[in-house]
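The report below goes through the sheet, the helices, the nonpolar cores and the salt bridges in turn. Please read it alongside the sequence and the coordinates.

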Amino acid sequence: MVTPRTPVLRLILVRRVSTAVQAVDGYGLPAQEHDCRAWTKKQSAHRIRIVHMVTDGDGKGGTSGKSTLDERPGLMDAVAWIADGRADGILAPNLDRLARELTVQEAVLSYVWAMNGRVFTADHGEHLEDDASDPMRTAMRQMRGVFHQLDRGLIVKRLTEGRTAKGEQGGYAYGAPRYGQRSVDKTLTVDEQEEQHIRQMERWRDEEHLSIRAITARLNEQGIPSKRGGKWHPTTVARLLSPEAREKARQQSERARLARKEQQRRDRAARLLKQH
C-alpha cells in the first residue's frame, strides 16, 4: 500500500523593515526569515515549500507599515506570483509585518484572498478568509491589528518625545550635526577645525565688513569645504552667522516638510480612488 504524499503548499516569505520600530525591537530581516522558516518545519498538515521571498525595506531604510499595497513593491511581487499560479499564498512573521495600520492590513488580506491566495503568519498560522457565518473570526483578527497599531504608535510617540526632550536640554537628538559640531558616540562635540572657520567668517564680517556673498566667495576661493565637502552658498553662510537666518530656515524647512506630507496624502488618495 502506497501512502499518499502530503500535498505541497507553495508560499512566498514576506518580510518588512520599519526603520523607527526596528531601532527599538531589533526584529530585523534575518530574524523574520528565521521565524518563518522555523514555522514551516513544524507543520504536519502540509509540506510547505518557500518558493520565493520578497522584502520591503532594508537594514538602513524601512518601508512604512502605513504604505498602501501599490507602494510596497515586494508585496506587489508576491501578489503577482499568486495571480500567475506560481504560489499558493504568503507567509509573514506576523500581521504587523504585513502592515502596521489596520486599514492597510485589511486591504492586503482582501487583495490576497481575491487572488485565491492564502495568508499565513508564523505567530498564528493561517488567517482564514472572512465568513459571514463566523463574525468573531474577523473581529478577533481586527482587534489584534488595532493593538499592533496602538503598540507601534506608542513606540513612535516615545521616540519623538525622547528626542524632543533631549533637544530641549541641549543634547543631540537626531539629524546631521550643524557646521562646527560633530557626533561622537551619539554625543555632540566641537569640531575644532570647523569652529576655526566660523571664527574666521565672523572676523571677515566684523573687521573687514564683508557681505555674506563676499564671505562665500572667499571661502570657495580658499578651498575651505562646506559640511558636506562641496562649495559654499550664501544661504548656508547666512545661517551660520545669523541666529535669525537659522530660525527662518528652520521654519521654511518645516513648512516644506508639511507640504510634502500633504501632497503624499493627496497622491495616495488619488491612487486609491483610481483603483476603485
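## A helix across the sheet

Helix α5 lies across β3, β4 and β5 and runs at about 135° to β4, where axes are lines fitted to C-alpha atoms, for helices over the stretch in contact, and angles run from 0 to 180 degrees between N-to-C directions. Helices (H or I, at least four residues) and strands (E, at least two) are DSSP runs, numbered from the N terminus, and contact means heavy atoms within 4.5 Å. Helix α2 (residues 29-42) lies across β1, β2, β3, β4 and β5, and its direction is at about 160° to that of β1.

This is a predicted model, in which local features need pLDDT of at least 70 and side-chain atom pairs count only at pLDDT 80 or more, while totals for chains, interfaces and linings use all residues. Residues are numbered from 1 along each chain as its sequence is written, and side-chain values use heavy atoms, with hydrogens and water left out.

## The sheet and its pairing

The open sheet is formed by five strands in the order β2-β1-β3-β4-β5, with mixed pairing; two strands pair if DSSP finds at least two bridges between them. Because β2 (47-56) and β5 stand at the edges with a single partner strand each, one side of each is left without a neighbour in the sheet. On average, neighbouring strands are turned by 30° against each other, direction ignored.

Strands β3 and β4 (residues 118-121) run parallel and are joined by four bridges, with Arg-118 in β4 as the bridge partner of Gly-89. On its other pairing, β4 meets β5 (residues 125-127) in the antiparallel sense over three bridges, and a hairpin of three residues connects the two. Within this pair, Phe-120 stands opposite Glu-126, and Val-119 has His-127 as its bridge partner.

## Nonpolar cores

A nonpolar core is a set of buried Ala, Val, Leu, Ile, Met, Phe, Trp, Tyr and Cys residues joined through side-chain atoms within 4.5 Å; buried means under 20% relative accessible area, exposed over 50%, and partly exposed in between (1.4 Å probe, protein chains only). The largest core has 20 residues, and those with the most contacts inside it are Ile-12, Val-14, Ile-90, Leu-98, Val-112 and Val-119. Two or more residues each come from β1 (8-16), α3 (73-83), β3 (89-92), α4 (95-98) and α5 (102-114). Apart from this core lies another, of 12 residues, including Tyr-179, Leu-210, Trp-232 and Leu-241.

Leaving aside neighbours within four places in sequence, Ile-90 is in contact with residues that include Leu-11, Ala-78, Ile-82, Arg-118 and Phe-120. In helix α9 (residues 234-241), the buried residues are Pro-234, Val-237, Leu-240 and Leu-241. Seen down the axis of α9, these fall within an arc of 125°, so they line one face of the helix; the arc is that of the directions from the helix axis to the C-beta atoms.

## Salt bridges

The whole structure holds 11 salt bridges, each a side-chain nitrogen of Lys or Arg within 4 Å of a carboxyl oxygen of Asp or Glu. Arg-72 and Asp-56 form one of them (3.0 Å, N to O), and both residues are buried. Since Arg-72 lies in the loop between β2 and α3 and Asp-56 in strand β2, the pair ties together parts that are 16 residues apart in sequence.

Glu-126 and Arg-118 form another salt bridge, with their closest N and O atoms 2.7 Å apart. Glu-126 is partly exposed, at a relative accessible area of 25%, and Arg-118 is also partly exposed, at 27%.
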